Amino acid sequence: MALEAALRCALRSDGIRVEYQPIVDLCTGRAVGVEALARWTDRHLGVVTPDRFIRVAEECGLISDLGRRILQLACRDLSHWLAAGRTAMQISVNVSVRQFREADLIEQVSAALELAQLPPELLCLEITESVMLQDTQANETTLRRLKELGVSLAMDDFGTGYSSLSYLKRLPFDKVKIDRSFVRDLAVDPGDAALVRSIISMAHDLGIAVVAEGVETVEQCRFLKRHGCDLIQGYLFSKPLPADAIETLDAEGR
Ligand code: G
Ligand code: G
Ligand code: MN
Ligand code: NA
């Protein structure tokens with residue numbers, strides 16, 4: 001398959017890049033973290049979206065190499081920002097379903113931290129809610145081992161799977177990220193508004209912080225702030241940016 005061959009080539013030739021989207025504290029208005037988002041522009045295929053190349057990588061067995069590369073790039077960039085004098089911030093890296101089940105995930109994560117000389121608490125791994133649908137015992141073991149490394153864990157795309165709230169109680173997540181499909185109509189759809197309010201209050205009762213994704217309007221931002229949401233991410237504050245733009249991003253806000 002053309003895409004698979006091109007992806008192998010991109011991995012060999014440093015063709016995979018990472019952009020970073022700021023995650024903003026709603027109390028202070030400051031960027032306190034960034035989410036790493038993989039990017040690939042192929043010479044012949046043009047821009048290939050991450051949904052697509054991650055899926056291909058999962059299917060053809062390249063996900064371990066790709067995942068390792070993204071983790072290393074993200075940790076390296078964060079350590080450069082810190083060395084350049086930027087205030088400490090957390091970097092969040094997505095872990096795909098297959099990557100989460102790879103036998104060497106724990107080693108990959110600790111190797112990336114060590115290589116970049118980063119304290120583990122500055123790395124957050126985002127795991128989509130759908131991962132939790134099967135194989136609960138194995139998931140729990142993997143999550144606990146990651147927590148033992150000292151990294152932080154976020155449940156991504158929350159609300160899109162069969163969000164059993166019992167997962168949140170039992171599993172060692174530090175954050176939930178409310179999927180942007182619920183944030184979109186927050187200001188106009190009473191059902192979405194109710195759902196978001198209850199996710200926030202339930203997560204807080206369990207001692208879990210809440211990030212709202214896909215925040216695009218001031219109305220959405222006000223609603224989230226009023227209901228105690230901790231962090232927001234979205235075009236209202238910033239789109240994903242290249243690494244050098246994060247280094248100089250004003251930590252005070254836009
Ligand atoms: O940034 P963007 O809209 O293009 O991302 C589209 C989707 O691809 C999102 O669901 C995002 O979580 C996923 N994605 C982006 N980068 C990565 C990555 O490095 N690893 C994994 N597993 N998924 C990613
Ligand atoms: O699934 P995940 O949360 O990892 O996806 C992150 C994706 O959301 C990225 O593709 C990113 O480009 C996209 N994104 C980030 N902010 C916004 C936003 O404000 N609106 C929309 N529609 N997409 C966003
Ligand atoms: Mn994510
Ligand atoms: Na998401």
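**View 1. Residues surrounding ligand 1 in the predicted model.** The shell around ligand 1 is formed by Leu37, Ala38, Thr49, Pro50, Asp51, Ile54, Ile70, Asn94, Ser96 and Pro240. Two or more of these residues come from each of the elements β2 (31-42) and α2 (50-60), and α2, with three residues, gives the most to the shell. By residue class, the shell around ligand 1 divides into six nonpolar, three polar and one charged.

**View 2. The crossing of helices α5 and α6.** The axes of helix α5 (residues 105-116) and helix α6 (residues 136-149) come within 10 Å and cross at roughly 20°, which makes α5 roughly parallel to α6, because angles under 35 degrees count as such. The crossing of α5 and α6 is right-handed. On the α5 side the contact involves Leu105, Ile106, Val109 and Ser110, which meet Thr142, Arg145, Leu146 and Leu149 of α6; the residues of this contact divide into five nonpolar, two polar and one charged.

View 3. Leaving aside residues up to four places away in sequence, aspartate 156 touches Asn94, Glu126, Ile127, Thr128, Glu129 and Lys177. Of these, lysine 177 is 21 residues from aspartate 156 in sequence, while the C-alpha atoms of the two residues are 5.0 Å apart in space. Asn94, which touches aspartate 156, is also one of the residues that surround ligand 1.

Technical notes: Residues are numbered from 1 along each chain as its sequence is written. Chains are lettered from A and ligands numbered from 1 in the order in which they are written. This is a predicted model: local features need pLDDT of at least 70, side-chain atom pairs count only at pLDDT 80 or more; totals for chains, interfaces and linings use all residues. A residue is near a molecule or strand if its C-beta atom, placed from the backbone, lies within 6 Å of it. Helices (H or I, at least four residues) and strands (E, at least two) are DSSP runs, numbered from the N terminus. Ala, Val, Leu, Ile, Met, Phe, Trp, Tyr, Cys and Pro count as nonpolar, Asp, Glu, Lys and Arg as charged, and the others, Gly among them, as polar. Axes are lines fitted to C-alpha atoms, for helices over the stretch in contact, and angles run from 0 to 180 degrees between N-to-C directions. Angles under 35 degrees count as roughly parallel, over 145 as roughly antiparallel, 65 to 115 as roughly perpendicular and the rest as oblique. A crossing is left-handed if the near helix is turned anticlockwise from the far one by less than a right angle, and right-handed if clockwise. Two residues are in contact if their C-beta atoms, placed from the backbone, lie within 7 Å.
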